[in-house]
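Subject: Structure handed over, with notes

Dear colleague,

My notes on it follow directly after.

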Amino acid sequence: MALKDSLRTAWQTFSRPAAYFSLGFLTLGGFLAGVMFWGGFNTILEATNKEAFCISCHEMQSNPYEEMKQTIHFTNRSGVRATCPDCHVPHNWTDKIARKMQASKEVWGHIFGSIDTREKFVEMRRTLAEHEWARLKANNSLECRNCHSAESMDITKQGARAAQAHERYLFSGQMTCIDCHKGIAHRLPDMTGVAHWQPTEASGQQ
Amino acid sequence: MRVILAALAALPAVVMGVTGALAVDAPRLVGPDPFNTEAPAPPIAPDLTDDRRKTRNYPEQPPVIPHNIRDYQIDKNFNRCLSCHSRKYTEQSQAPMISISHYQDRDGNMLGGLAPRRYFCTACHVPQTTANPLVENTFRDLDAITTPPGGGR
């Protein structure tokens, strides 16, 4: 009799839809899917945040990247170098996502070839530069400060001119890095009318 | 006749002997001796960046640049040197002002701004390195060999 009862119970268990398994599968499956999607999302996010990705478009490869190679942020005595995202993408997650969303405009630009020749790039240089100046001005040169901190800056090790300028403008909070250090990693556009910067003032050029 | 021919034949040897002797006296400016051996490259001398003005070697020498000018942009868009050395900005930067001669065209007419022919600063003004001269320079300034009227100051 006991055998018959236990068989029936077993049969009923197997023949009825499971009340707990579905919940278990949902939870476990959701967890696994979460790992996959979130992990995949972050992997792709990181992949698009590498220099190799930036210069996979020829616009970036042959203009800003080539120009940067000459500068101290690419080649210097210590061999530490900045890559594109170090300066152009915020490191903080929320800001990074916001910047990535803005960058969809750049995908548009690439598809429709808004700077696909050197001439077009040079033509747009002032506009493009102004976007970056505005961004760095708004976040108090955060991307500069990710490496260069005013607290760790020993101005006694600097040249007299640099020490004086940093003491007067940087430490007092009067100005931020980008106000003076424009064009440090790329060539400058025509600077006519830029605040704190001077036009070339050569005669015949205004 | 034969004597003359012999003298002519000997002439190249004499000339070569003389030039050979001169070559020994002259300092070597290029390469190792013999020339086809390979010498290790000398280290690249670091720039002088002490911000201290140097005496000019002669009155019209373009003053040398005592600071780093790496990545200084001088093109039609921008002239980095002018952002401190231009007449307008020397008060703020305390940098030496570019000479008034740079505001004249080549006929001596005063211009409203920097003369285009003076625009490319590094055509004349250059930074210095700590490299030692290859050859000793015996140049003496005019002041060292004359006393100009009034005693010279």
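Helices here are DSSP runs of H or I with at least four residues, and strands are runs of E with at least two, both numbered from the N terminus. Please bear in mind throughout that this is a predicted model.

Loop between H1 and H2 of chain B

With those terms in place, Asp51(B) can be assigned to the loop between H1 and H2 of chain B. Its phi is near 60°, a positive value in a residue other than glycine. Asp51(B) has 13 other C-beta atoms within 10 Å and is partly exposed.

Asp71(B) belongs to the loop between H1 and H2 of chain B. A positive phi is found here in a residue other than glycine, with a value near 65°. Asp71(B) counts as partly exposed, having 14 C-beta neighbours inside 10 Å.

Asp33(B) is located in the loop between helix H1 (2-25) and helix H2 (82-85) of chain B. Is Asp33(B) buried or exposed? Asp33(B) is exposed, because 8 other C-beta atoms lie within 10 Å of its own and a count of 12 or fewer defines that class. A distance of 47 Å separates the C-alpha atom of Asp33(B) from that of Cys84(B), and the two are 51 residues apart along the chain.

Chain B as a whole

Chain B contains four helices and zero strands, in the order α-α-α-α from the N terminus on. Of its 153 residues, 9% count as buried. Where contacts in chain B join residues at least 6 apart in sequence, 42% of them link residues at least 24 apart.

The average pLDDT of chain B is 80, and 78% of the residues score at least 70. Among its elements, H2(B) has the highest mean pLDDT, at 88, whereas H1(B) has the lowest, at 51. Over residues 14-23 of chain B the pLDDT is below 50, and this stretch has zero contacts in the model beyond near neighbours in sequence.

Chain A as a whole

Chain A has eleven helices and zero strands. Its radius of gyration is 28 Å, well over the 17 Å that the globule rule gives for 206 residues, so chain A is more spread out than a compact globule. Along the principal axes, the C-alpha atoms of chain A fill a box of roughly 110 × 45 × 30 Å. Buried residues account for 10% of the 206 residues in this chain. Among contacts in chain A with a separation of 6 or more, 57% are between residues 24 or more positions apart.

The mean pLDDT of chain A is 89, with 95% of its residues reaching 70 or more. Over residues 202-206 of chain A the pLDDT is below 50, and this stretch has twelve contacts in the model beyond near neighbours in sequence.

Helix H2 of chain A covers residues 21-47, which is 27 residues. From its first C-alpha to its last, H2(A) reaches 37 Å, close to the 39 Å expected at 1.5 Å a residue. How many of the 27 residues of H2(A) are buried? The number is zero, so H2(A) lies largely in the open.

Helix H4 of chain A (residues 58-68) has buried residues, namely Glu59(A), Asn63(A), Pro64(A) and Met68(A). Seen down the axis of H4(A), these buried residues fall within an arc of 120°, so they line one face of the helix. An α-helix has 3.6 residues a turn, so residues three or four places apart point the same way. The face of H4(A) turned away from the buried side carries the exposed residues His58(A), Gln61(A) and Glu66(A). Helix H7 (104-111) and helix H8 (118-138) of chain A are included in what covers the buried residues of H4(A).

Contact between the chains

Between the two chains, 20 residues of chain B are in contact with 20 residues of chain A. On the side of chain B that touches chain A, eight residues are nonpolar, nine are polar and three are charged. The model as a whole scores ipTM 0.73 and pTM 0.75.

Yours sincerely

Methods. Residues are numbered from 1 along each chain as its sequence is written. Chains are lettered from A and ligands numbered from 1 in the order in which they are written. This is a predicted model: local features need pLDDT of at least 70, side-chain atom pairs count only at pLDDT 80 or more; totals for chains, interfaces and linings use all residues. Two residues are in contact if their C-beta atoms, placed from the backbone, lie within 7 Å. Ala, Val, Leu, Ile, Met, Phe, Trp, Tyr, Cys and Pro count as nonpolar, Asp, Glu, Lys and Arg as charged, and the others, Gly among them, as polar. The radius of gyration is taken over C-alpha atoms; the globule rule is 2.2 Å times the number of residues to the power 0.38. A residue is buried if 20 or more other C-beta atoms lie within 10 Å of its own, exposed if 12 or fewer, and partly exposed in between; C-beta atoms are placed from the backbone. pLDDT is the predictor's confidence in each residue, from 0 to 100. The arc is that of the directions from the helix axis to the C-beta atoms. The expected span of a helix is 1.5 Å times one less than its number of residues.
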